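Here are my notes on this entry, for someone who has not seen it before. Please read them alongside the sequence and the model.

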Amino acid sequence: MSTLGYDIAHLLDGAVLLFSFMLLYQRRMSGLISVFALQSVTLAVVAAWGAYTRHAPHLYASAAIVVVVKAVLIPVALHKIMTRLGIHRTVDAAMSIGSSMIAGASLVALSIMLVLPVTFASAALTRESLALALSTVLLGLLMMITRRNAVTQVIGFMSLENGLILAAVGVEGMPLVVEMSIAFSVMVAFIIFGIFFFQIRERFDSLDLPYLESFRGERR
Amino acid sequence: MTAVLLILILPVLASAVLALVGSYRVGAWINVAASVATFGASCALFVSPRLTTLLLFIDDFNIYLVVLTAFVGMTTSIFSATYIRHEMETGRLTPRNLRFYHAMYQAFIFTLLFGLVSNNLGFMWVAIEGATLTTALMVSLYRTHAAIEAAWKYFILCGVGIALALFGTILMYLAAQPVMGSGLGAMAWDGILPRVAEFDPTILNLAFVFLLVGYGTKVGLAPLHSWLPDAHAEGPTPISAVLSGLLLNVALYAVLRFKILLAANGNAIAPGPLMITMGLTSLTLASFMLYRRRDIKRLFAYSSIEHMGIITFAFGMGGPLANFAGLLHMTMHSLTKSAIFFTVGHIAQVKGTQTIAGIRGLTVTHPRLGWGLVMGVVAIAGLPPFGIFASEFLVITTTIARQPLLAVPLVLALLVGFGALVLRLQGLAFGVPRGAPGGKVEASLVPLYTHLALVLMAGLYLPPPLVVWFQNVAKLLG
C-alpha cells in the first residue's frame, strides 16, 4: 500500500474516533442522532477505502450495508421515534462535559497502551486501526454509562458496534460473514429497541432510566 | 451430517409455522411435537457418521451438550404447555403473546443448538447473540414494570458482553490469520486447534480476556451477573427454566472452546487461574446473597449463579478429575435447576404469588408439588443421594488434593449456600400453611419427576459408557 493510502486510512480511522468524542459531549437528541449517522458514513468510507487499497471487494458490501442500515435507516427511524414520542429536549448526563472528555481521552490512551505492545508482529495498519477501534468501543461503553436516557444508551451501544466493525474491517481478510451478521444483528436489535421504547413509554411516560430503575424487581 | 442439519432445520421450521398459528392450544402442541422431534434427531447424532465442515462439526464435547439441550428443551415444552394454559385462564397472557412466545421458544432452541454445533467461531458468536435477542423479548412478555426493567437490563448488559466477545473473536482471527491464511479457514475451531501453538501468544492473551469477560457475562459470572436474577424472576417460568438450564451452559461452552485453544499454546497465559478467580467470586457472592431473597424465582436464580461459579471453578482447576466433575455438574445442574423451575412455576400459579413469605406448608396443601420442591432443593443443595453431591464431592476432593488453600473458601461458600437453601426450604415446604389456600392446578408432573429421577440415578449409579465418555471429553478439555 502506498504511503498516501496508508495515511488516508489512518485519517479516516481517526475521524471515526473523533465522532465518538462528539457523541460524548453532544447534549441535544437530534444532534446525537446526526453525529451517529456521520460516524457511520465515515465508517463506510473506511471500509470502501480498505476495499480499494487492499483489493478486497467484499469490503464494498460491508460499506454498503453500513451506509444503508446505520447511516440512513436507523437515524431516520430514531428521528421518527423522537417525533412520535415528543422528546426534543436536551438529555441529562451523569458526568459533566469536561470530566467525560478527560475520561474519554484516558480510555484512548489505555487502549493504545494495551493494543500496540501486544500486536507488534502484525501489519502496522492493523495495529493502529485496532487501537483506534478499541478506543471507539470503550468510548461507546463510556457513553452508555454516562447517559441516563434509553435512546442515548442505544446510540452508545450502536457506536460501540461501529467500533467493532472498524476492527473487523481493519484486520486483513476477515471473512464477510462477520460484518454481515453484525449489521443484521444490529438491525434486529434496533427493531427490538424500538419496541422497547414504546413499551417503556407506555408504562412510565418517560424514557429516562432512573425513572425505570425506581421500580426495583424486589421491593421490600 | 443429515442429523446435524435436521436438529437445526426442525426448530427453524417449527418457529416459522408457530409464528402463523393463531390458536395457542395448537401452538403448544406443535411446540411439544417439534421439541420431541428435535430430541429424536439429536439422539440420531450418536449413530450418524461425524462429518466436519468449515461451518458445522460434531465432536465428543458438543454432542453431549446437544443431546442435553434438546432433552431439556423437550421437557420444558411439555411443562410450558400446562403452564401457559393456566396463564391464559387467569388472563395474564393473550393469544397474540403466546403466538410470539412459541415462535421465539423454537428460535431460541435453534440458536442454542447452532451455537453448539458451529465450527466457525464467528457463527458461534452470531448464535449466542441470537440467543440474547430471542430471550430478551420473552423476558418482557408480561409487560409489567419489573419485566420491562429486567428485559432492558438483560439487553444492555448482555449486549455489551456479547460485543466484547466479538472483539475477542476478531482478535482471535488476527492471531490465526498469519498462520492459517485469510478466509473462513482461520475461524474454524477444529482447523485452528492443531496449529494454535504457532500463534502469537500475546494476541491470544488479549483475546481470551475479552472472550472470558464477554461470554462470562452470559454465563452469569460475577461481577457481570446482575442481569440474571431479574431476567429469571420476571419472565414466564418456562423461560427461567431454559435460561438456567441451557443458555448458561452454552455460554460456558463457548468459553471452554477458547480455553482449549489457549491451553494448546504453551506460551499464552494459563486460562485456569482467571477462571478460578471468577468462579470462586461468583460462588461466594451468590451464596451470601441467597439469604436476602424475598422472591422464590430470584432465590433459585442466585443459586444458578452459585452453581455456574462452581462449574467455572472446576474447569479452571483443569485436569481429568476436575474437568470430569465440571462436566457432570453442568449436566446435573441443568436437569435439577430446570426441574426446580417447573415446580416453582406451578407453585407460583397455585399460590398466586412469587414471594417466599406468601408460600408456606406446601407439603401439606399440595403434596406432589411440595415434595417435588423438597427433592429438587435437596438435590441442588448438594445432598446425597443426588448427582450434584457426586460432582461437588469430586470438585472438593480434587481441590483439597491440588490446591488445599483454595478448598477453604470453596467449602465455606458451599456451606453458606447450603444453609440458605435449607433455611428457605423449611418455610416453603413445611410449617402451617399460610395465606390463600390456593386453587388446584393441572400440573404436568412428568417433566419434573423425569428430571429428578435422572439426577437421582446419576447419584447412585453412572453407567460405564457415560463415564468413559465424560473421561474422553475431560481429556479434550486439558
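1. Helix α12 of chain B spans residues 296-317, 22 residues in total. From first C-alpha to last, α12(B) reaches 32 Å, close to the 32 Å expected at 1.5 Å a residue (1.5 Å times one less than the number of residues). Helices here are DSSP runs of H or I with at least four residues, strands are E runs of at least two, and both are numbered from the N terminus.

2. The model is predicted: local features need pLDDT of at least 70 and side-chain atom pairs pLDDT 80 or more, while totals for chains, interfaces and linings use all residues. Residues are numbered from 1 along each chain as its sequence is written, with chains lettered from A and ligands numbered from 1 in the order in which they are written.

3. α12(B) is mostly covered, with 22 of its 22 residues buried (20 or more other C-beta atoms within 10 Å of the residue's own, C-beta atoms being placed from the backbone). After α12(B) comes B:Gly318, which has a positive phi near 70 degrees.

4. In chain B, helices α1 (residues 2-20) and α4 (residues 95-117) pack at about 165 degrees, their axes 8 Å apart. Axes are lines fitted to C-alpha atoms over the stretch in contact, and angles run from 0 to 180 degrees between N-to-C directions. α1(B) and α4(B) are therefore roughly antiparallel (angles over 145 degrees).

5. Chain A has eight helices and zero strands. Of its 220 residues, 44% are buried.

Notes. Angles under 35 degrees count as roughly parallel, over 145 as roughly antiparallel, 65 to 115 as roughly perpendicular and the rest as oblique. A residue is buried if 20 or more other C-beta atoms lie within 10 Å of its own, exposed if 12 or fewer, and partly exposed in between; C-beta atoms are placed from the backbone.
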